[in-house]
Amino acid sequence: PLGRAGSRCRGLSIPVGPGQTLDLRGIFPPLATPFSPTQEVDYAQLEGNLRRYANIPFRGLVVLGSNGEYPYLAPRERLEVVSCVHQALPRDRLLLAGSGCESTQATIELTVSMAEAGADVALVVTPCYYRGAMTNAALVQHYTEVADASPIPVVLYSVPANTGLDLPLEAVLTLAQHPNIVGIKDSGGDITRMGLMVHKTRQEDFQVLAGSAGFLMASYALGASGGVCALANVLGAPLCQLDRLCREGNWQEARDLQHRLIEPNTAVTRRFGIPGLKKAMEWFGYYGGPCRAPLAPLSPPQVEELRGAFSANGWL
């Protein structure tokens with residue numbers, strides 16, 4: 001299935017070419033990877049979830065982000081997941097694929113493979129194992145080499161909760177000037193930093209994506225383009241509604257909706273992580289299933305607390 005995948009040309013809302021912008025405005029769920037009870041990737045359940053997501057006005061999908069249990073997938077599985085999603089995706093939707101590895105060389109190789117498997121954009125997380133050595137200069141060089149070699153546009157990805165490393169603002173501003181680096185997914189939640197990023201890159205073809213639903217409206221108020229939000233796996237339609245309300249300047253309604261999303265978002269991210277996200281997906285008609293070990297399922301009291309975060313805000 002990998003052979004023909006790269007040849008399919010998507011009708012983007014704005015065609016990409018020299019001096020033309022890839023439009024990242026909107027909501028992208030970072031897909032959870034479904035596993036069978038024996039912890040194998042369950043492609044049938046993945047396709048089932050994709051059919052349900054096709055009815056929600058997402059801008060696109062992210063595969064192999066933090067919520068896709070990306071570090072737990074073998075290289076072969078990573079490409080199969082991208083290929084599977086690519087073949088099921090409506091043509092007007094973008095496919096962003098996580099291709100960040102620890103070494104620059106491995107990141108370049110995986111990025112090229114992701115493009116061949118059908119990814120439209122590479123989402124490249126910061127290398128972090130040797131975080132003491134990840135200076136501004138080292139990170140700028142890493143991303144520059146990846147973007148130079150990548151056949152598809154690159155989106156930077158800063159997720160300090162998982163990596164212990166915030167991509168320095170100075171590095172982001174330098175990298176924003178690269179013609180093949182089109183944006184950043186920032187999951188840190190520092191709204192001052194995000195506002196400054198938007199402000200300082202306004203001359204560049206560079207879009208800032210909020211990395212979580214808890215600060216989505218605040219990000220939009222400061223000029224962010226969209227959001228890659230774990231909660232969109234569960235409450236995709238309300239998040240798309242929030243996106244629309246912000247775009248239309250309907251701030252009062254947007255604020256009421258944002259408030260109701262904060263506790264469910266915290267529950268499926270910081271509080272209970274991917275096991276919580278997958279459990280909540282099941283309540284809303286999706287397949288969640290188990291995580292791969294060592295990510296453990298929630299205990300019954302944790303499940304009750306998770307349910308409370310949704311029911312207290314009128315979602316269940």
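The model is predicted, so local features need pLDDT of at least 70 and side-chain atom pairs count only at pLDDT 80 or more, while totals for chains, interfaces and linings use all residues. Residues are numbered from 1 along each chain as its sequence is written, and side-chain values use heavy atoms, leaving out hydrogens and water. Two packed helices are described by the angle between their axes and the distance between the axes.

**Helices H4 and H5**
- H4 spans residues 104-117 and H5 spans residues 136-149. (Helices are DSSP runs of H or I, at least four residues, numbered from the N terminus.)
- Their axes come within 9 Å and cross at roughly 30 degrees. (Axes are lines fitted to C-alpha atoms over the stretch in contact, and angles run from 0 to 180 degrees between N-to-C directions.)
- H4 and H5 are therefore roughly parallel (angles under 35 degrees).
- H4 contributes Thr 104, Thr 107, Ile 108, Thr 111 and Val 112 to the contact, and H5 contributes His 142, Glu 145, Val 146 and Ala 149. (Contact means heavy atoms within 4.5 Å.)
- This contact of H4 with H5 has four nonpolar, four polar and one charged residues. (Ala, Val, Leu, Ile, Met, Phe, Trp, Tyr, Cys and Pro count as nonpolar, Asp, Glu, Lys and Arg as charged, and the others, Gly among them, as polar.)

**Helices H10 and H11**
- H10 (residues 236-247) packs on H11 (residues 251-271) at about 150 degrees, with axes 9 Å apart.
- H10 and H11 are therefore roughly antiparallel (angles over 145 degrees).
- Among the contact residues are Leu 242 and Leu 245 of H10, and Trp 251 and Leu 257 of H11.
- The contact of H10 with H11 divides into nine nonpolar, two polar and one charged residues.

Definitions and conventions: Helix = DSSP H or I, 4+ residues; strand = E, 2+ residues; numbered from the N terminus. Parallel < 35°, antiparallel > 145°, perpendicular 65-115°, else oblique.
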